[in-house]
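Visitor: Hi, I've got a structure open and could use a hand reading it. Can you walk me through it?
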Amino acid sequence: MRAGSPPATASGLSLSAWLNDAAERAIRIEEGLAAVREWELEHGELSPEALAWADEVLASIMGPEES
């Protein structure tokens with residue numbers, strides 16, 4: 001499992017801590033996507049304009065590579 005070691009080392013974490021953080025992030029993403037699906041079932045699909053706005057907000061907070 002060497003693939004995670006360089007990013008873990010660069011972030012100052014042990015491999016297990018880095019993997020834990022990655023798993024927690026994946027869970028948060030999945031929960032967020034599930035919440036959007038639920039919202040869309042109640043209110044209809046988000047418009048392309050709303051999605052573009054959300055992308056801009058995320059890019060301004062996280063940077064373009066992260067969003």
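Visitor: How many helices and strands are there in the protein?
Guide: Three helices and zero strands, counting DSSP runs numbered from the N terminus (H or I, at least four residues, for helices; E, at least two, for strands). Along the sequence, that reads α-α-α. This is a predicted model: local features need pLDDT of at least 70, side-chain atom pairs count only at pLDDT 80 or more, and totals for chains, interfaces and linings use all residues. Residues are numbered from 1 along each chain as its sequence is written, and side-chain values use heavy atoms, leaving out hydrogens and water.

Visitor: What span should helix α2 have?
Guide: Helix α2 covers residues 15-43, and its 29 residues should span 42 Å at 1.5 Å a residue. The expected span is 1.5 Å times one less than the number of residues. The end C-alpha atoms of α2 are 42 Å apart, so that agrees.

Visitor: And what follows α2?
Guide: Gly 44, with a positive phi near 95°. Just after α3, Gly 63 also has a positive phi, about 95°.

Visitor: New topic: is Met 62 buried, exposed or partly exposed?
Guide: Met 62, in helix α3 (residues 48-62), counts as partly exposed because its relative accessibility is 37%. Buried means under 20% relative accessible area, exposed over 50%, and partly exposed in between (1.4 Å probe, protein chains only).

Visitor: How much of the protein is buried?
Guide: Of its 67 residues, 6% count as buried.
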